[in-house]
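I opened my notebook to go through one model.

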Amino acid sequence: MEELPIIYLIGFMGAGKSTVAPKLAKCLSMDWVDVDDRIEEDTGFSIPEIFDYYGEDKFRNLEKKAITSVSKENSKIVAVGGGAPMDDENWKIMKTSGVIIYLQIGPEEIFQRIGSDKSRPLLAGLDNGARLEKIKELLSKRHPRYSQADLAVKCNGTDPQKIVEEIAQKIESVRESGSG
Ligand code: S3P
């Protein structure tokens with residue numbers, strides 16, 4: 001049986017990447033990692049602290065370092081932070097080292113799911129109206145890149161377990177074709 005390539009889960013904040021990753025890993029008997037968790041482990045700082053103390057550019061450098069490192073490791077499921085695919089180098093690394101899956105969700109549901117979550121530095125300090133507008137603005141910029149994924153899964157109102165089943169079913173064809 002062919003070993004699966006790395007499976008990158010991408011999508012906007014709140015799309016469910018960190019929820020789906022461990023469930024999908026269990027289903028496919030693979031390991032999983034969250035890039036943001038890796039950055040926090042490596043630096044000893046939380047993501048909001050990195051943004052606060054060092055700024056977004058520093059965070060993006062750390063993110064690229066973490067993605068580069070993960071891409072060289074064994075096959076696993078990787079939950080990728082929402083902004084990472086916008087960097088061309090990150091995108092190339094992911095495209096050439098694995099399969100990219102877009103967890104697709106609309107702005108209103110993102111807004112509902114994220115609520116006033118303080119762990120999202122890009123939305124910090126915005127009132128509800130401004131938060132929704134910012135989500136819409138960022139999503140419209142990011143969606144074209146996200147859409148270049150190998151597979152897109154619609155996640156609006158969908159139970160994470162159903163998403164896992166859909167991905168597992170589709171990924172099975174990769175395993176069966178042995179094209180990796
Ligand atoms: C970000 C998304 C976050 C985290 C950071 C920046 C973004 O990850 O990497 O706050 O630019 O969309 P999640 O998508 O896992 O929330």
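Which strands does helix α4 lie across, and at what angle does α4 run to β1? I found α4 (residues 56-71) across β1 (6-10), β2 and β3 (76-79), running at about 150 degrees to β1. Axes are lines fitted to C-alpha atoms, for helices over the stretch in contact (heavy atoms within 4.5 Å). Angles run from 0 to 180 degrees between N-to-C directions. Helices (H or I, at least four residues) and strands (E, at least two) are DSSP runs, numbered from the N terminus.

I noted the source. Residues are numbered from 1 along each chain as its sequence is written. The model is predicted, so local features need pLDDT of at least 70 and side-chain atom pairs count only at pLDDT 80 or more, while totals for chains, interfaces and linings use all residues, and side-chain values use heavy atoms, without hydrogens and water.

Next, the sheet. I read an open sheet of five strands, β2-β3-β1-β4-β5, with parallel pairing (at least two DSSP bridges between two strands). β2 and β5 (151-154) stand at the edges with a single partner strand each, so one side of each lacks a neighbour in the sheet. The twist averages 20 degrees from one strand to the next. β4 (residues 98-104) and β5 pair over four bridges. Leu 103 has Val 153 in β5 as its bridge partner.

Then I looked up Ile 7. Leaving aside neighbours within four places in sequence, Ile 7 contacts residues including Leu 24, Ile 77 and Ile 101.

Last, the loop. Ser 29 lies between α1 (17-28) and β2 (31-34). Ser 29 has a positive phi of about 55 degrees, yet is not a glycine. Most residues other than glycine have a negative phi.
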